[in-house]
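Have a go at each task before you read its solution.

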Amino acid sequence: MTKYKKLSKGRSVTIPKDIAAHLNLNAGDAVDLTAAGNGDLIIRRHLEPCRFCGGTENIKRFGDISICPLCATKMYQEVCG
Ligand SMILES: [Zn+2]
């Protein structure tokens with residue numbers, strides 16, 4: 001899904017409703033902007049890294065803590081094992 005958009009005077013861009021809905025992006029969500037080496041601008045949903053190891057794969061939220069499955073498993077074993 002690709003849409004053509006022009007930047008505003010402040011260089012802002014609005015994500016079209018259908019794309020936002022498709023990606024479940026909502027007002028207030030954070031995104032990461034990356035300038036790729038080939039000149040592309042990449043916009044990705046911002047993912048908080050795991051608070052314990054810094055990983056970014058399969059992050060889950062537990063209250064206000066972001067945690068990866070590996071650290072969650074280690075924590076479970078420490079606390080309950
Ligand atoms: Zn982790």
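Predicted model: local features only at pLDDT ≥ 70, side-chain atom pairs only at ≥ 80, totals over all residues.

**Exercise 1. Work out how many residues of α2 are buried, and what that says about the helix.**

Step 1: find the helix. α2 covers residues 69-80; helices here are DSSP runs (H or I, at least four residues), strands are E runs of at least two, and both are numbered from the N terminus.

Step 2: apply the burial test. A residue is buried if 20 or more other C-beta atoms lie within 10 Å of its own, exposed if 12 or fewer, and partly exposed in between, with C-beta atoms placed from the backbone.

Step 3: count. Zero of the 12 residues of α2 are buried, so the helix lies largely in the open.

Step 4: check its span. From first C-alpha to last, α2 reaches 16 Å, close to the expected 16 Å (1.5 Å times one less than the number of residues).

Residues are numbered from 1 along each chain as its sequence is written.

**Exercise 2. Describe how β1 and β2 pair.**

Step 1: place the strands. β1 takes residues 31-35, and β2 takes residues 41-45.

Step 2: get the sense. The two run antiparallel, joined over five bridges; pairing needs at least two DSSP bridges.

Step 3: read off partners. Aspartate 32 sits opposite arginine 44, and threonine 34 faces isoleucine 42.

Step 4: look at the turn. Five residues lie between the strands of this hairpin, and glycine 39 has a positive phi near 95 degrees.

Step 5: None of the five residues of β1 is buried, so β1 lies largely in the open. For β2 the buried count is also zero out of five, so that strand lies largely in the open too.

**Exercise 3. Compare the protein's radius of gyration with that of a compact globule.**

Step 1: For 81 residues, a compact globule would come out near 12 Å (2.2 Å times the number of residues to the power 0.38, over C-alpha atoms).

Step 2: compare. The protein has 17 Å, and its C-alpha atoms fill a box of roughly 55 × 30 × 25 Å along the principal axes.

Step 3: bring in the domains. The assignment, automatic or from a database, gives domain 1 (14-46) and domain 2 (48-81). Their C-alpha centres are 25 Å apart.
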